[in-house]
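Subject: Structure handover and findings

Hello,

Here is the structure we talked about.

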Amino acid sequence: MAMTLGSRLLHTLEGVGIALDAIRANRVRAALTIFGVAIGVFVVVAMSATVHGVTRSFEQDVEAFGATSFQVRRRGIDLGGCDGSDESCPERRNPPLTAADARALRALPSVAAVTEIWGDSKPFRYRDRELASVGFDALSAEWMKTDDGDISPGRNFSAQEEAAAARVVIINDTLQQRLFGDSDPIGKQVSVDGQPFTVIGVYHTRAGFLKSLDGRGPDRPRAIIPMETARRHLGLWTRGILFMVKPRDGAVQADVMDEVTATLRGRRGLRPSQPNNFALVTQDRMMEVFDKLFGTIFVIGIALSAVGLLVGGVGVVAIMMISVTERTREIGVRKALGATKATILWQFLVEAVTLTGLGASIGLLLGAGAAFLIRSNTTIPAAVPPTAIATALLASALTGIAFGMLPAVRAARLDPVEALRHE
């Protein structure tokens, strides 16, 4: 057995050496093969790294909101959509969520906090510095109970300031830098849509994919304004309001959702036979939607990678068939000296796998580089998972074996006498 393994290892190393010689002798054909495999592997690795990063970032957002927290929306979330008519989209007729709804939910014993949320954008200006469109969130006073971050320097607005529709604003680091540079912004007045607002705090948020996707990441200028202030002074669109509900510690999410559902149905006078005219969305449901979206993107990526591997595979067949033809006499000599069909077959398969393996290695390096660029320039913690590396190497090896089998079999079946006569 040891002799067999040693002999097989020797033949493998010999096959690798011959494959490298063939690459040097046929640079253009070999480059086409390696390039095709590299592109296929690169797409798989880059897509896997991105999806892995998005999933990890989503998990970080869930941790920030709280694993048991959920949203109450006027309409559900789905990628399907509809044609826009009220008949095919009955949810379009759903009434908006109100401040009274939020107060009713806060009164539930199992609920720790309810944050009202609405987002929009307005021009911000401080002296001669103006930003034409800055995103802001209108939030109720307890918003920090459902969001992970801190305010420094400054403070959050109080429930009394929200009730009085006080013109106060909290800005993030990026907006501070754009409007104030290195100076202290606390207590200074900025213009929001032409109205004076006093800066009371600077908010530091943690980057997450969901926040970055809708412009709430730390890399974009953004502000926070009391909900009632937005209602009275900034033209709040009531149908766009949603709630983030955080259950109390120890409360079961499903039980809290049942209580919220019962409360809202009772407030809206819905009969048992009538469906809900609102939607409850858990973090798991949001993950399902994103899985569908990125699953579709990943399938497209796999299809593109398959094209690359196909190009590489065709290159393997071409270069290996030419190699068999050019080395017919050599094969005859090897057979005359006692090489078996299995030995010849193994040698040519090793050559084919060496070609695709080189392409896979280049593709892995390019994919790792793409993951590094994504991680460095976005909020997505892209990283190449070990499964992607194993899959890429396995796919390249199978490509080499599948497309290298035909020329390898042809070489193994050559008649040694006829091969020795070949010029």
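Start with Lys122. Neighbours within four places in sequence aside, Lys122 is in contact with Leu131, Ala132, Ser133, Val134, Phe136, Val192, Asp193 and Leu234. Contact means heavy atoms within 4.5 Å. Lys122 lies in strand β2. Helices (H or I, at least four residues) and strands (E, at least two) are DSSP runs, numbered from the N terminus. Lys122 is buried, at 16% relative accessible area. Buried means under 20% relative accessible area, exposed over 50%, and partly exposed in between, with a 1.4 Å probe and protein chains only.

A word on the source. This is a predicted model, where local features need pLDDT of at least 70 and side-chain atom pairs count only at pLDDT 80 or more, while totals for chains, interfaces and linings use all residues. Residues are numbered from 1 along each chain as its sequence is written, and side-chain values use heavy atoms, with hydrogens and water left out.

Salt bridges

Side chains of opposite charge can pair when their charged atoms come close. A salt bridge here is a side-chain nitrogen of Lys or Arg within 4 Å of a carboxyl oxygen of Asp or Glu. The structure holds 10 of these salt bridges.

Lys122 takes part in one with Asp193, at 3.8 Å, N to O. Asp193 lies in the loop between β6 and β7 and Lys122 in β2, so the pair ties together parts 71 residues apart in sequence. Asp193 is partly exposed, with a relative accessible area of 36%.

Glu116 and Arg106 also meet through their side chains, at 3.5 Å, N to O. Glu116 is in strand β2 and Arg106 in helix α3 (residues 99-106), so this pair ties together parts 10 residues apart in sequence. Glu116 is buried, at 3% relative accessible area. Arg106 is partly exposed, at 27%.

Glu228 forms a salt bridge with Arg232, and their closest N and O atoms are 3.2 Å apart. Both are in helix α7 (residues 227-233), 4 residues apart, so about one helical turn separates them. Salt bridges with shared partners join Arg106, Glu116, Glu142, Glu228, Arg231 and Arg232 into one network.

The chain as a whole

The protein chain has 13 helices and 10 strands. Of its 423 residues, 45% count as buried. Among contacts with a separation of 6 or more, 77% come from residues 24 or more positions apart. The accessible surface is about 20700 Å², and 61% of that belongs to carbon and sulfur atoms. Accessible areas come from the Shrake-Rupley method with a 1.4 Å probe; for residues, only the protein chains shown count as cover.

Nonpolar cores

A nonpolar core is a set of buried Ala, Val, Leu, Ile, Met, Phe, Trp, Tyr and Cys residues joined through side-chain atoms within 4.5 Å. The largest has 39 residues, and Val169, Val190 and Phe243 have the most contacts inside it. Strand β2 (residues 111-126) gives the most to this core, with 5 residues. Another core, of 13 residues, lies apart from it and includes Leu139, Val168, Tyr203 and Ile224.

How many of the residues of β8 are buried? The count is 5 of the 5, so β8 is largely enclosed by the rest of the structure. Arg222, Ile224 and Pro226 are buried on one side, and Ala223 and Ile225 on the other. β3 and β8 pair in the parallel sense over 5 bridges. Two strands pair if DSSP finds at least two bridges between them. Asp137 has Ile224 in β8 as its bridge partner. β5 and β8 run antiparallel, joined by 2 bridges. There, Ile170 stands opposite Ile224.

Helix α5 (residues 173-180) has Thr174, Leu175, Gln176, Leu179 and Phe180 as its buried residues. Their cover includes β2, β3 (129-139), β5 (168-172), β6 (189-192), β7 (195-205) and β8 (222-226). Gly181 follows α5, with a positive phi near 65 degrees.

Surface patch

Leu394, Leu398, Ile401 and Met405 make a nonpolar surface patch of about 340 Å². Patches are made of residues with over 30% relative accessible area and no salt bridge: like charges are joined within 9 Å, and nonpolar side chains (Val, Leu, Ile, Met, Phe, Trp, Tyr) within 5 Å. Met405 lies in helix α12 (residues 386-412). At 31% relative accessibility, Met405 counts as partly exposed.

Best wishes
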